[in-house]
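Me: I have a protein model on my screen and would like to learn how to read it. Could you take me through it step by step?

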Amino acid sequence: LAEAVRRAGARSGASLFVTLFAVYGALLARLARREDLVIGVPAAGQATAGKPGLVGHCVQLLPIRIDASLDRPMSELLESTRGRVLDAYEHQACTFGALLAKLNLPRDPSRLPLVNVLFNLDAAIRDEALSKGGVRARLASNPRRFENFELFLNASQVDGGLVLECQYNADLFDATTIRRWLALYRSALERLAADP
C-alpha cells in the first residue's frame, strides 16, 4: 500500500509526505466537518541554522493551512497542499513563537494556540545503519503517557512500508475512536492508490 500511495502521489507531482499529509488533512476535515484547518508539522531546525550535523532537538513547528473542500478532486488537493508545504518549509526560520507574536491571537489557557493537530513522516532508517563496529542496534518507539497536542499522527518508513503511531489527548478521545479513525485513514489511502 505504501508504494502504491507513493506512486499515486507522484503522478500528481506530490512527495510521499505531501500525499500522506493531504489525505490526513482531508480525513480530519471530514471528521471535524470543517474544510479549512491548520495542521502542525515538526521540522528539524538544524538545516535552517546551517548546521546539518548538529545533534539535538532543534525542531520547529510549522503550521500549515489546508483547504480540503469536499468537492475538490484529490489531484487539486495534492497540488495545493504541495505548494503550502513548500511555502512553510521556505519560511521555517520564523519560529512558532515569533509567528504567534505577530498574529497576536486571543489566548485560551486550556488550548495551544493555532495548532492542535500534528502530522509527521519519519525518514526510513534501517537497523543496519545504526549498527557500527560490532554493536547491533534496533530502532523502536517509546510509548508516551502524555501528549501536548490533541492528536499527533506519526508515520515511520520501515522496510518499504509504513508504521503509523497516533498519540492523542485521552481527555478528548478514546482508543476505540482513534483505531476507527486510523482504519478510515488506511481506507482513504487504499482508495487513493486504487483511483488517484
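Reply: Happy to; we will look at a pair of helices and then at a cavity. Keep in mind that this is a predicted model.

Me: At what angle do helix α2 and helix α3 pack?

Reply: Helix α2 covers residues 16-32 and helix α3 covers residues 74-90; they pack at about 110 degrees, and their axes are 9 Å apart. Angles of 65 to 115 degrees count as roughly perpendicular, so that is the word for α2 and α3. The crossing of α2 past α3 is right-handed.

Me: Which residues in α2 and α3 meet?

Reply: From α2, look for Phe17, Val18, Thr19, Phe21, Ala22, Val23 and Ala26. In α3 their partners are Met74, Leu77, Leu78, Thr81, Arg82, Val85 and Tyr89. Sorted by class, this contact has 11 nonpolar, 2 polar and 1 charged residues.

Me: Now the cavity. How does one find empty space?

Reply: Rolling a probe the size of a water molecule over the atoms shows where empty space is left. In this model, the count comes to 1 cavity of 30 Å³ or more. The largest cavity has a volume of about 90 Å³.

Me: Which residues line the largest cavity?

Reply: The lining is made of Tyr24, Leu27, Leu28, Leu31, Leu151, Leu153, Cys166, Ile178, Trp181, Leu182 and Tyr185. The elements giving two or more residues to this lining are α2, β4 (151-158) and α6 (175-194).

Me: And how many of the lining residues are nonpolar, polar or charged?

Reply: The lining of the largest cavity has 11 nonpolar residues, with no polar and no charged ones.

Notes. Residues numbered from 1 in each chain as written. Predicted model: local features only at pLDDT ≥ 70, side-chain atom pairs only at ≥ 80, totals over all residues. Heavy atoms only, no water. Axes fitted to C-alpha atoms, helices over the stretch in contact; angles between N-to-C directions. Helix = DSSP H or I, 4+ residues; strand = E, 2+ residues; numbered from the N terminus. Parallel < 35°, antiparallel > 145°, perpendicular 65-115°, else oblique. Left-handed = near helix turned anticlockwise from the far one by under 90°. Contact = heavy atoms within 4.5 Å. Nonpolar A, V, L, I, M, F, W, Y, C, P; charged D, E, K, R; others polar. 1 Å grid on protein atoms, 1.4 Å probe; cavity = no way out; pocket = protein on both sides within 12 Å on 5 of 7 lines; lining within 4 Å. Points joined across faces, edges and corners; volume = space filled by probe spheres on them.
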